[in-house]
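Work through the exercises below with the sequence and the structure side by side, and try each task before you read its solution.

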Amino acid sequence: MRGILDRTDQVIVASGWAVSGAKRAQRTLEWLHNQEQYRELSRNAVVVLTENARVPRDINRQEIVDTLGQLCKAVHLIPFDPSLSRGDIVHTNELGRATRQAYIELAATVVDSLDEGSRK
């Protein structure tokens, strides 16, 4: 893993809304932050929270966003979309408008991060 991270410009941490997934994302970001050589990767990381089904009411979504948001550059929320739930190749023209927009905003954040890194 260190060999890969040493050559990495951007980290994207993907998770769902399950508490276990959010905790794994949190531990990943904290581990990166606690490794001096990867601290900047943690600060500039982007977390992607994708809804893959209905989020149970007892899940505190805002707490998850706030907790992860303190550990990275940005948290992006991708709404549930039936086209994604098939687990097959995704064709952007089949995505709902909100999902397509969420991915465009995610891509913009990643590109901006890479552009900022190239100016340093």
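**Exercise 1. Find the strand order of the sheet and say how its strands pair.**

Step 1. The sheet is open and has three strands in the order β1-β2-β3, with parallel pairing; strands here are DSSP runs of E of at least two residues, helices are runs of H or I of at least four, both numbered from the N terminus, and two strands pair if DSSP finds at least two bridges between them. The model is a predicted one, in which local features need pLDDT of at least 70 and side-chain atom pairs count only at pLDDT 80 or more, while totals for chains, interfaces and linings use all residues. Residues are numbered from 1 along each chain as its sequence is written, and side-chain values use heavy atoms, with hydrogens and water left out.

Step 2. At the edges lie β1 (12-15) and β3 (74-78), each of which pairs on one side only.

Step 3. Four bridges join β1 to β2, where S15 stands opposite L49, and five bridges join β2 (residues 46-50) to β3, where T50 has I78 as its bridge partner.

**Exercise 2. Decide which side chains of β1 are buried (under 20% relative accessible area, with exposed over 50% and partly exposed in between, for a 1.4 Å probe and protein chains only).**

Step 1. In a regular strand the side chains alternate between the two faces of the sheet.

**Exercise 3. Describe how α2 and α4 are placed against each other.**

Step 1. The axes of α2 and α4 come within 10 Å and cross at roughly 10°; axes are lines fitted to C-alpha atoms, for helices over the stretch in contact, and angles run from 0 to 180 degrees between N-to-C directions.

Step 2. The helices α2 and α4 are therefore roughly parallel to each other, a label for angles under 35 degrees, while over 145 counts as roughly antiparallel, 65 to 115 as roughly perpendicular and the rest as oblique.

Step 3. A22, A25, Q26 and L29 in α2 meet I64, T67 and L68 in α4, where contact means heavy atoms within 4.5 Å.
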